[in-house]
Amino acid sequence: MIEITAKKTYGKRTVLNINGLVLEEGLVYAVIGSNGSGKTTLIQAIAGLIPYEGKISLGTAKKSDIGYMPQKSYAFDMSVMANMTVAQSFAARRRKRGRALALLRQLGILHLKRKNAARLSGGETQRLALARLLVDEHKILLLDEPVASMDINSAELAEKALNDYRELCSPTVIAATHSLQQARRIADKIIFMSEGEVDAFGDAETLLENPPTEKLRNFLHYGA
């Protein structure tokens with residue numbers, strides 16, 4: 001089990017206040033909520049990227065088992081293929097070459113493998129960032145708006161790649177998303193955040209079809 005008790009403040013402003021949230025390992029959690037609701041702060045706290053009050057237990061995973069994809073994707077000033085295994089040993093690069101090529105193909109950017117990644121479009125960069133993440137095995141995947149810059153077709157490819165990765169590695173996936181449609185497609189559970197707190201949490205289909213709180217009902221009515 002992953003257990004989260006975390007509070008983050010900036011001055012007198014509390015941006016995250018979660019007490020005793022328990023996540024079952026091996027499931028996909030979609031974190032939804034309006035801008036400023038605390039989605040990114042939660043992801044960053046679990047990743048260990050920001051200081052906070054409290055404690056986050058990763059269950060059977062260690063910090064080194066976390067794979068993190070930030071909201072703003074980046075690419076190194078080298079070829080797309082070199083980006084896939086950057087900073088890894090020569091032996092690791094050789095071992096993972098086949099998987100790297102397969103991911104680039106699956107995400108529709110294999111034809112760009114020799115292109116300088118610094119010259120990719122926003123959507124291409126995001127697909128590369130996802131492929132680079134999925135080339136390794138992780139027990140926990142933390143994804144912050146992983147398809148925000150992708151078109152519909154690319155987003156579908158990304159969701160398929162994530163689903164295949166889940167079958168291969170059985171990670172716990174915690175994905176912040178602005179898309180309710182995507183949350184419906186990929187998530188086992190929904191975490192709905194409002195003003196830094198978990199306002200509603202539960203089975204994805206049940207929560208979205210029968211929202212238990214007024215804040216969630218309003219959010220679903222007006223959309224993200």
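Where is alanine 45 found? I looked, and alanine 45 sits in helix H1, residues 39-47. Helices here are DSSP runs of H or I with at least four residues, strands are E runs of at least two, and both are numbered from the N terminus.

A note on the model before going on. I am reading a predicted model, where local features need pLDDT of at least 70, side-chain atom pairs count only at pLDDT 80 or more, and totals for chains, interfaces and linings use all residues. Residues are numbered from 1 along each chain as its sequence is written, and side-chain values use heavy atoms, with hydrogens and water left out.

**Entry: helix H1**

Is alanine 45 buried or exposed? I found that alanine 45 counts as buried because its relative accessibility is 2%. Buried means under 20% relative accessible area, exposed over 50%, and partly exposed in between, with a 1.4 Å probe and protein chains only. Leaving aside neighbours within four places in sequence, I see alanine 45 in contact (heavy atoms within 4.5 Å) with Leu16, Ile50, Tyr52 and Ile56. I also checked serine 34: it is eleven residues from alanine 45 in sequence and 18 Å away in space, C-alpha to C-alpha.

Why is H1 largely enclosed by the rest of the structure? Seven of its nine residues are buried, so the helix is largely enclosed. Among the buried ones I noted Lys39, Thr41 and Leu42.

**Entry: arginine 127**

I next turned to helix H4, residues 122-134, where arginine 127 has its place. Arginine 127 is buried yet has no salt bridge. A salt bridge would need a side-chain nitrogen of Lys or Arg within 4 Å of a carboxyl oxygen of Asp or Glu. The nearest side chain of opposite charge, glutamate 124, is 4.8 Å away; Lys and Arg count as positive, Asp and Glu as negative, while His and the chain ends are not counted.

What does the side chain of arginine 127 reach? I found the backbone oxygen of leucine 107 at 3.0 Å. Not counting residues up to four places away in sequence, arginine 127 touches Leu107, Gly108, Ile109, Met150 and Ser154.

**Entry: threonine 172**

My last stop was strand E7, residues 172-176, which holds threonine 172. Threonine 172 counts as buried because its relative accessibility is 2%. Its side chain reaches the backbone nitrogen of glycine 26 at 2.9 Å. Beyond residues up to four places away in sequence, threonine 172 touches several residues, including Ile2, Tyr29 and Lys139.

Key. A polar contact is a pair of N or O atoms within 3.5 Å; within protein, one must be able to donate a hydrogen and the other to accept it, and residues adjacent in sequence count only if both atoms are side-chain atoms.
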